[in-house]
Amino acid sequence: MLEIRCRGKPYEIGVTHGAAAKDRVAGSIALYAQLFQASCSFSWPQVVQEATTYVDRLQDLAPRYLDEIRGIADGSGVAFLDVLALNVRTEIMFGLFSDASTDMAGAPSDGCTSLGWLTTAASFLAQNWDWVPEQRPNLVLCHVSQPGTGIPDFSMVTEAGIIGKIGLNAAGVGCCLNALKCRGVDTSKLPIHFALRSVLESPSRAAAINTLRQTGIAGSGHILVGDASGSTGLECTSKWVKEVVMDDAKCVCHTNHLILDKSGADEQPWLDDSPVRLARIRELTAQTVDPNLDAITNLFKDTDGYPSSINRRHEGKSTIETLFTIVMNLTNKSARVTLGRPTEILEEVMISFD
């Protein structure tokens, strides 16, 4: 997995990202062009045209992020709107299925199982990220530093070209992501990948949650936010952000469906295994006596319900697969990232903030 160390102002960070991952950015664009065409007969030029509707509002809401996207585009030699389209691809996709008469089942979206756990030893945040195997070569590990800004350094595993994904920062704040499918998009609010970036730049879990509540989220998704004091799940739709608090065991578990009150949300079931995986990860945590880094890593190797298991494989009706696993210790500000299914590890990388 390509590691990129980015430092400086937003545009400079973007240029470094784009230049280092030039082929992978092109790969991300090619993949999503194919997925949009296959799922809803939408050509990439049409996707890019949709992305233009986000520019003015994002220039007001998150100008630094747009500068970074411009840098990625210039560094990789592609158009700005191509990279912006990658970063708002979730919202564009859901926007195409906003009409109640359309079937969202065919809209491609990543799966995932996530866990936040405050133990007696540390605060852990972990997930498997499940997506189409063709995107594995385009994953990158970005380390970002913005000197003089007061923003914590952070590291994230992301798809090349996307400015916010899954990882942690030097303040011990981390985030995970679970896809949800609810109709509706509000382009006046923060797209989901911009929201993840916002969390990665936050000094605390409370600050991250406060920011996302103020900005709102343009589409739907579950963002699991944690720091040394524990974790909070944020179930987001274009209408609201609701908090999933830690249970009596100090855990937050989530998969790919809403688990709180669904009032006002038009949720579309799409992964039959989501409730099964949620029940399974809760069962596994209840059975774990000593929840340390290795024990939590082992939870994500589980193949109960294979191939649509926590440890997922692209086989039969399962069209997606676990592409990477991350287990973060937010108390000592470190993480272990493994590329590939957790029982078929292709590469392991350790992240640490001293």
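1. Two strands are taken to pair if DSSP finds at least two bridges between them, and the elements named in these notes are DSSP runs numbered from the N terminus, helices being H or I runs of at least four residues and strands being E runs of at least two. The model is predicted, so that local features need pLDDT of at least 70 and side-chain atom pairs count only at pLDDT 80 or more, while totals for chains, interfaces and linings use all residues. Residues are numbered from 1 along each chain as its sequence is written, and side-chain values use heavy atoms, with hydrogens and water left out.

2. Under that pairing rule, strand β4 (residues 139-145) runs antiparallel to strand β5 (residues 154-159), the two being joined over 6 bridges. Within this pairing, Leu139 has Glu159 of β5 as its bridge partner.

3. For aromatic pairs, the rings of Phe, Tyr and Trp (its six-membered ring) must have centres within 6.5 Å, and planes under 30 degrees apart count as stacked, over 60 as edge-to-face and the rest as tilted. The count by this rule is 4 aromatic pairs. One of them is the edge-to-face pair of Phe36 and Trp44, with 6.4 Å from centre to centre and 65° between the planes. Phe36 counts as buried at 1% relative accessibility, and Trp44 counts as buried at 12%, given that buried means under 20% relative accessible area, exposed over 50% and partly exposed in between (1.4 Å probe, protein chains only).

4. Tyr65 and Phe194 form an edge-to-face pair, at 5.8 Å centre to centre and with 65° between the planes. This pair links distant parts of the chain, since Tyr65 belongs to helix α5 (residues 63-76) and Phe194 to helix α8 (residues 192-200), 129 residues apart. Tyr65 is buried with a relative accessible area of 7%, and Phe194 is buried at 0%.

5. A charge is said to sit over a ring if NZ of Lys or CZ of Arg is within 6 Å of the ring centre and within 35 degrees of the ring normal. Arg70 lies over the face of Phe80 at 4.9 Å from the ring centre, and Lys242 lies over the face of Trp240 at 4.1 Å from the ring centre.

6. Some backbone details deserve a check. Tyr306 and Pro307 are joined by a cis peptide bond with omega of about 5°, and Pro307 is placed in the loop between α11 (293-299) and β12 (321-329).

7. Ser41, although not a glycine, has a positive phi of about 55°; this residue is in the loop between α2 (22-40) and α3 (44-51) and counts as exposed at 56% relative accessibility. Lys250, also other than glycine, has a positive phi near 65°; Lys250 is found in the loop between β10 (241-244) and β11 (251-254) and is partly exposed, with a relative accessible area of 41%.
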